Amino acid sequence: MAKISLKHLPKPHKWTISALAGVLLVLILFPSDPVSAYKNTPVPTLEIGKRYDLAVDFNNLPEAEISAFDNAIERKTYKVKKGDNLAKIFNRAGLTPQETYRVSKVEDHASKLLSLMPGESLGLEIDDEGKLKSLSYMYSPTETLLLEINADNSFSGHIESKQVETRLNYAQGEVSSSFWNAGIKANLSENQIMSLAGIFGWDIDFALELRAGDSFYVMYEEHFIDGEYIENGDIVAAQFVNQGETYTAIRHSDGNFYTPDGRSLRKSFLRAPVNFKYISSNFNPNRFHPIQKRYKPHNGIDYRAAKGTPVVAAGDGKVIEAGYNRFNGNYVFIQHGENYTTKYLHFSKSAVKNGAKVKQGQVIGYVGATGMAEAPHLHYEFLVDGVHRNPRTVALPKAQPIDKAEAKAFASISAQRLTQLNNNKRIMLAMN
Ligand SMILES: [Zn+2]
């Protein structure tokens with residue numbers, strides 16, 4: 001039988017014991033017939049909220065009551081704070097450095113406890129002697145590490161996994177003021193809006209070419225655990241209608257998007273070298289040059305954006321010029337294969353050097369107003385065999401078809417997704 005000292009018990013235990021002692025006192029006061037006893041014994045007036053010391057001899061409590069306390073285990077959750085580690089949390093929980101050591105020795109799993117992140121929490125079960133019985137650490141929405149004490153005081157651990165259920169959801173919208181606003185209105189998350197612009201970024205210039213009336217249709221995954229929504233998953237199919245032209249993207253199991261007939265959406269050039277979310281508005285198509293005060297032929301496209309906005313390489317290539325002059329300001333020219341050149345002018349700062357190899361999407365400089373530019377903007381030129389072309393409309397090299405080995409599997413996914421997409425559209429149409 002464990003010795004019980006009230007002084008060393010945690011508070012809730014003291015209250016439990018006091019309550020139990022109260023019940024015992026009542027039993028002692030009214031030993032036989034409660035009704036007659038009530039009549040004959042003066043009832044003490046008890047003040048609510050006040051604590052009364054009860055003369056209870058704990059050594060004489062029946063054995064059964066004692067053993068209930070013997071194994072009393074407290075479960076408590078400890079939030080991981082900034083700068084925390086296992087030792088600090090164990091210290092807060094009143095555990096010894098020896099216990100920290102024993103827990104950190106658990107094979108395979110203990111390493112997870114070395115990377116506790118602020119905001120996470122540890123569940124600790126500590127018995128009434130202040131000894132750690134078990135530890136639980138949910139390190140992902142689906143996985144929890146459980147450590148339990150063995151007879152020899154060592155700990156062993158295992159992982160408990162929860163099943164993630166994936167459901168499909170659908171959203172659609174129409175652009176009126178901006179794509180961003182239309183996406184928010186359609187209940188898409190900011191990440192989903194950006195993903196959508198990324199998926200179609202090789203076909204559509206989201207910065208300058210969207211028009212009121214453009215529309216989009218998106219099917220995406222949602223993850224649930226125990227019936228509870230956890231997070232959005234991938235977009236699995238999407239359609240974008242830009243100025244009357246429909247673009248469709250179907251996600252394959254390789255994580256890439258393809259047209260329904262199996263051509264990659266990924267192409268050698270992005271339609272726009274700046275992310276649409278930075279673009280304030282279209283430039284005046286009259287192409288009035290603010291510095292030279294006269295109309296002049298304009299060989300490129302101007303993207304007006306705040307100074308410092310990152311500009312990316314439209315395609316893989318090699319920097320053939322990176323420098324400064326009084327017309328271009330800081331500029332970068334990139335050669336792509338044998339036939340294509342792209343030019344980027346007026347950077348506040350270039351991010352690449354002459355001769356550097358660059359990847360599509362890599363930041364090559366930042367929007368500025370150096371050289372002949374009044375306001376910060378990117379002047380972008382696209383040349384095919386040395387001739388200026390409109391990067392929004394120029395015919396670009398055909399995209400790669402999906403791998404032959406994957407073609408059949410993709411065809412069946414593609415057909416299924418298109419059916420689902422069209423069904424969703426029909427339902428929405430019927431609802432409106
Ligand atoms: Zn320009």
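The term pLDDT denotes the predictor's confidence in each residue, on a scale from 0 to 100.

**Figure 1. Confidence along the predicted chain.** The structure shown is a predicted model. Its protein chain has a mean pLDDT of 84, with 79% of residues reaching 70 or more. In residues 22-41 pLDDT stays under 50, and the model has six contacts beyond four places in sequence for this stretch. Residues 64-69 also have pLDDT under 50, with eleven contacts beyond four places in sequence.

**Figure 2. An open sheet of five strands.** The strands follow the order β6-β7-β8-β9-β10, and their pairing is antiparallel. Because β6 (165-174) and β10 (257-258) stand at the edges with a single partner strand each, one side of each is left without a neighbour in the sheet. Ten bridges join β6 to β7 (residues 215-225); Leu-168 has Glu-221 of β7 as its bridge partner.

**Figure 3. Helices against the sheet.** Helix α8 (residues 404-431) packs on the sheet, where it touches β6, β7, β8, β9 and β10. The direction of α8 makes about 55 degrees with that of β6. Helix α7 (residues 190-199) lies across β7, β8 (228-242), β9 (245-251) and β10, and runs at about 35 degrees to β8.

**Figure 4. The largest nonpolar core.** Of the 53 residues in this core, Phe-179, Phe-200, Tyr-303 and Ile-364 touch the most other members. Domain 3 (165-267 + 401-432) and domain 4 (276-389) each contribute at least three residues to the core. Leaving aside residues up to four places away in sequence, Phe-200 touches several residues, including Phe-206, Phe-240, Tyr-247 and Leu-265. Another core, of 21 residues, lies apart from the largest one and has Leu-95, Ala-110, Leu-122 and Leu-124 among its members.

Definitions and conventions:
Residues numbered from 1 in each chain as written. Predicted model: local features only at pLDDT ≥ 70, side-chain atom pairs only at ≥ 80, totals over all residues. Heavy atoms only, no water. Pairing = 2+ DSSP bridges. Helix = DSSP H or I, 4+ residues; strand = E, 2+ residues; numbered from the N terminus. Contact = heavy atoms within 4.5 Å. Axes fitted to C-alpha atoms, helices over the stretch in contact; angles between N-to-C directions. Core = buried A, V, L, I, M, F, W, Y, C linked by side-chain atoms within 4.5 Å. Buried < 20%, exposed > 50% of the residue type's maximum accessible area, 1.4 Å probe, protein only. Domains from an automatic or database assignment.
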